Amino acid sequence: MLHVSLRPNSPWGCGRGPKSHVESLGPNPQGAATIRPKLTIAASRADSVGDARGLPTTTRHVPSLGMELAGKTCVVIPTLNERNNLEALVRGIDRAFAGLPYIVVIVDDGSLDGTAEVARSLRTCGYPIELVERTSKQGIGSAVRAGLVRGLLHEDVDRLVTMDADLSHDPSEISRLLTGAAYADLTQGSRYVTGGVIEGWARTRRWVSMVANALVRMLFRTEMLDHTSFFRCYSRPAAVAAIRAEKYTGYEWSFGSLLAVLSEGLQLAEVPITFRERRCGTSKLRTRAMGRWLWSILRTWAELRLGRDRPMRAIRYVAVGSTGILMSQGMLFLLHGVLGLWPLAAVTGAIEVSILWNFELNDRWTFKDRRAGSNRRTRLAKYHAVCAGSVALNALMFSVLSLELGINYLVANFVGILAGFAVNLRGSMSWAWLGR
Ligand code: GDD
Ligand code: MN
């Protein structure tokens, strides 16, 4: 039995609009730029009732699963070479539903190991499986989206669960998602709320996931703790909103679809899950996919940001940053190359001069309209802190990617620079030069 805790002023049932049929799909009239994160419901185990982040909550008792469920549940599973996991998974799902109506939609991207054959033979055994076969790997996000579209075609499907095929997501925990679904449009299976667990991940993998989640949370102010797991339950309106996120074809689907759901003003919940690293087969989340994810998140953020701010501001910021790099190089040459200063002292001096340089240009040009209401010294101190934060993130990403994961040091540094830049821009825009 679960308790779901939510903030007292939660707009119950908000957003359960009329868009519950596939036929009514159209372009998002509001556009992605209207994202306005709603509250997050954090669910915790009955033995630790209360919001995971210590927010004041009221608690509602949720009746047993069977009593809450109306209509059918569709379970969407993307597969790529999961032959050895599929049977156990499907059996587990069948046990979890214990006679309640459900269908499974498996979206296979041309697995070479016979995954599709296993799916077909399970269907022959009587499991309610629909198989969507695609000929080539098109990405987990695209597969999940295709599965949601297929599920939505069934008018008797009221909610859609998505989960990985490799048993990392435990079918017996679907009931938790369904419990959350009684309160929210998108229930996220979360490893980071109280009660959430990760089993079998090395320290580095945990780090990568934590940094990724912190980045999404910071850039999009979602108030969620886990945005990267695909173990979720969507209401029909949430699924309809999510499938608009079609450009997020890979692992970036997790936040792309989340933003699409948020932009409709729908409500989110997080419930704790246990994530177990797979025993059979291999992960498809390679370094390239991580790079894509990072690029996608930064691009999305820039798009949203530029939609609201004057686009020129970001361009000016980049221009200033570039002159700052030149200034830093020039100073280093002067202090070390010409004056023969000790390298560490020279580089420290060069960095400080370039920070001061950037500050002056940003203060007089990029953010000249945002100076009112704060004094120059405070802005300067804040800008120093922002720079320190971005340098620290750059160094952290560099060490994790290069030293721990063995990624090429230049690539690692580039990723670090991008992340550092994002933090720098974000910190400058919404803290050092507050504006608004
Ligand atoms: N159809 C299809 N096409 N399925 C795919 C594709 C694809 O291109 N890529 C991956 N999948 C399927 C896998 O077969 C598996 O069922 C599921 O998507 C998850 O892929 P994994 O390769 O097992 O991902 P992971 O375990 O490394 O990643 C985990 O952590 C990520 C970060 O937290 C998962 O929990 C992801 O959901 C999560 O984003
Ligand atoms: Mn996995």
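Modeller: First, a term. A helix axis is a line fitted to C-alpha atoms over the stretch in contact, and the angle between two axes runs from 0 to 180 degrees between N-to-C directions. Keep in mind that this is a predicted model.

Biologist: How close do the axes of α2 and α3 come, and at what angle do they cross?

Modeller: The axes of α2, residues 83–97, and α3, residues 115–124, come within 8 Å and cross at roughly 25°. Angles under 35 degrees count as roughly parallel, so α2 is roughly parallel to α3. The crossing of these two, α2 and α3, is right-handed.

Biologist: Which residues of α2 and α3 meet?

Modeller: From α2 there are Arg-83, Leu-86, Glu-87 and Val-90, and they meet Thr-115, Val-118, Ala-119 and Leu-122 of α3. Sorted by class, the contact of α2 with α3 has 5 nonpolar, 1 polar and 2 charged residues.

Biologist: And α12 with α13, at what angle do their axes cross?

Modeller: Roughly 155°, for α12 at residues 376–404 and α13 at residues 409–432, with the axes coming within 8 Å. Over 145 degrees counts as roughly antiparallel, so that is the label for α12 and α13. The residues of this contact of α12 with α13 divide into 17 nonpolar, 10 polar and 2 charged. The crossing of α12 and α13 is right-handed.

Biologist: New topic. How many residues surround ligand 1, and which are the closest?

Modeller: There are 26 residues around ligand 1, and the closest are Pro-78, Ala-143, Ala-165, Ser-283 and Leu-285. Two or more residues of the shell come from each of β4 (72–79), β5 (102–109) and α4 (140–152).

Biologist: Which element gives the largest share of that shell around ligand 1?

Modeller: β5 does, with 3 residues. By class, the shell around ligand 1 has 9 nonpolar, 9 polar and 8 charged residues.

Biologist: Glycine is one case. What is phi of Asn-81?

Modeller: Phi of Asn-81 is near 55°, a positive value in a residue other than glycine. Asn-81 is in the loop between β4 and α2.

Biologist: Why does Asn-81 count as buried?

Modeller: The cut-off for buried is 20 or more other C-beta atoms within 10 Å. Asn-81 has 21 C-beta neighbours inside 10 Å, so it counts as buried.

Biologist: And Glu-223, what is its phi?

Modeller: Near 65°, again a positive value in a residue other than glycine. Glu-223 is found in the loop between α6 (203–220) and β10 (232–235). Glu-223 is partly exposed, with 17 other C-beta atoms within 10 Å.

Biologist: Last one. Where is Glu-277, and what does it touch?

Modeller: Glu-277 lies in the loop between β12 (274–276) and α9 (287–308). Not counting residues up to four places away in sequence, Glu-277 touches Ser-168, Glu-199, Gly-200 and Trp-201. From Glu-277 to Ile-198 is 79 residues in sequence and 7.9 Å in space, C-alpha to C-alpha. With 14 other C-beta atoms within 10 Å, Glu-277 is partly exposed.

Technical notes: Residues are numbered from 1 along each chain as its sequence is written. Chains are lettered from A and ligands numbered from 1 in the order in which they are written. This is a predicted model: local features need pLDDT of at least 70, side-chain atom pairs count only at pLDDT 80 or more; totals for chains, interfaces and linings use all residues. Helices (H or I, at least four residues) and strands (E, at least two) are DSSP runs, numbered from the N terminus. Angles under 35 degrees count as roughly parallel, over 145 as roughly antiparallel, 65 to 115 as roughly perpendicular and the rest as oblique. A crossing is left-handed if the near helix is turned anticlockwise from the far one by less than a right angle, and right-handed if clockwise. Two residues are in contact if their C-beta atoms, placed from the backbone, lie within 7 Å. Ala, Val, Leu, Ile, Met, Phe, Trp, Tyr, Cys and Pro count as nonpolar, Asp, Glu, Lys and Arg as charged, and the others, Gly among them, as polar. A residue is near a molecule or strand if its C-beta atom, placed from the backbone, lies within 6 Å of it. A residue is buried if 20 or more other C-beta atoms lie within 10 Å of its own, exposed if 12 or fewer, and partly exposed in between; C-beta atoms are placed from the backbone.
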